[in-house]
Amino acid sequence: MSQPIEDLDEVLKNHKLSKEEYEDILRILDGRHPNIVEIGIFSAMWSEHCSYKSSTKYLRGFPTEAPWVIQGPGENAGVIDIGEGMAAVFKMESHNHPSFIEPFQGAATGVGGILRDIFTMGARPVANLNALRFGTVKGDSDIAKYQRHLVRGVVDGIGSYGNCMGVPTIGGEVSFDESYNGNILVNAFSLGLVKSDEIFLGVASGMGNPVMYVGSKTGRDGLGGAVMSSDSFTEESKSLRPTVQVGDPFTEKLLLEA
């Protein structure tokens, strides 16, 4: 019988896992205690960022079925029939926490993620949009100075990644209010086009299929990012900058054109 790792309570706290979730892990592993790597995997996959564990009940309230809906929830992106054998593929994603900690890379990787989700469906990304919310930017207070820093970084990050990928940012909207001083909102949207009979789904079957991992060079950046993105913010949150992934639009551009 395996033994729990040392300082289990502290490990669960650092991985944002509850005692109830740890009991669920034990049931999944048939009573075996997980090692630290397995706890890290459960922590990431069960984070709000990946599993939507607290927001699923609200998301289910949105309409997802109609004669023109080719693909609803459950795939990399949504697909709508626009006629004449063509379909619109779209994805929207928030990168709020990462952008508050490291505005350029936080916003840039938000754009990179949705562009990836578009072209993995077989579509060609053609346009980006965004909706942004910032806090107080007027005055000489530390909050105002930091918010201005966030505005510059987020706008530069969104535009830079799109430009590197050859996908224009054709519009967006922004508002400022003190209620966003503690956590800004960065929502990115991407639109692609594809022939209705050339849509790819994230499904594979059969034995012996090759698996290829393609991405930027690996490093320590981004470790714990899913958990960070799911957590509430404190004054110490800005120290979590290394958890924000560093984007590589040039590698993604090569993958898009492959």
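**View 1. Helix α3 carries Ile41, part of a nonpolar surface patch.** Ile41 sits in α3, which spans residues 36-45; helices here are DSSP runs of H or I with at least four residues, strands are runs of E with at least two, and both are numbered from the N terminus. Together with Ile36, Val37 and Met45, Ile41 makes a nonpolar patch of about 400 Å². Patch members have over 30% relative accessible area and no salt bridge, with nonpolar side chains (Val, Leu, Ile, Met, Phe, Trp, Tyr) joined within 5 Å and like charges within 9 Å. Areas come from the Shrake-Rupley method with a 1.4 Å probe, and for residues only the protein chains shown count as cover.

This is a predicted model, where local features need pLDDT of at least 70 and side-chain atom pairs count only at pLDDT 80 or more, while totals for chains, interfaces and linings use all residues. Residues are numbered from 1 along each chain as its sequence is written, and side-chain values use heavy atoms, leaving out hydrogens and water.

**View 2. Six strands make an open, mixed sheet.** Read across, the order is β1-β2-β3-β6-β4-β5; two strands pair if DSSP finds at least two bridges between them. At the edges are β1 (69-71) and β5 (169-176), each pairing on one side only.

**View 3. β6 has β3 as an antiparallel partner, and β4 as another.** Nine bridges hold β3 (residues 86-94) to β6 (residues 185-195), with Ser94 opposite Asn187. β4 and β6 are also joined by nine bridges, and here Leu129 faces Phe189 across the pair. On to β5: β4 runs parallel to it, with seven bridges, and Asn130 stands opposite Gly172.

**View 4. Helices α7 and α8 pack at an angle of about 35 degrees.** Axes are lines fitted to C-alpha atoms, for helices over the stretch in contact, and angles run from 0 to 180 degrees between N-to-C directions. Contact means heavy atoms within 4.5 Å. Among the α7 residues at this meeting are Phe104, Val111 and Phe119, and those from α8 include Leu150, Ile158 and Tyr161.

**View 5. Lys53 and Glu21 form a salt bridge.** Their side chains meet at 2.8 Å, N to O; the cut-off is a Lys or Arg side-chain nitrogen within 4 Å of an Asp or Glu carboxyl oxygen. Lys53 is in the loop between α4 (48-51) and α5 (56-59), while Glu21 is in α2 (residues 19-28), 32 residues apart. The whole structure has nine salt bridges.
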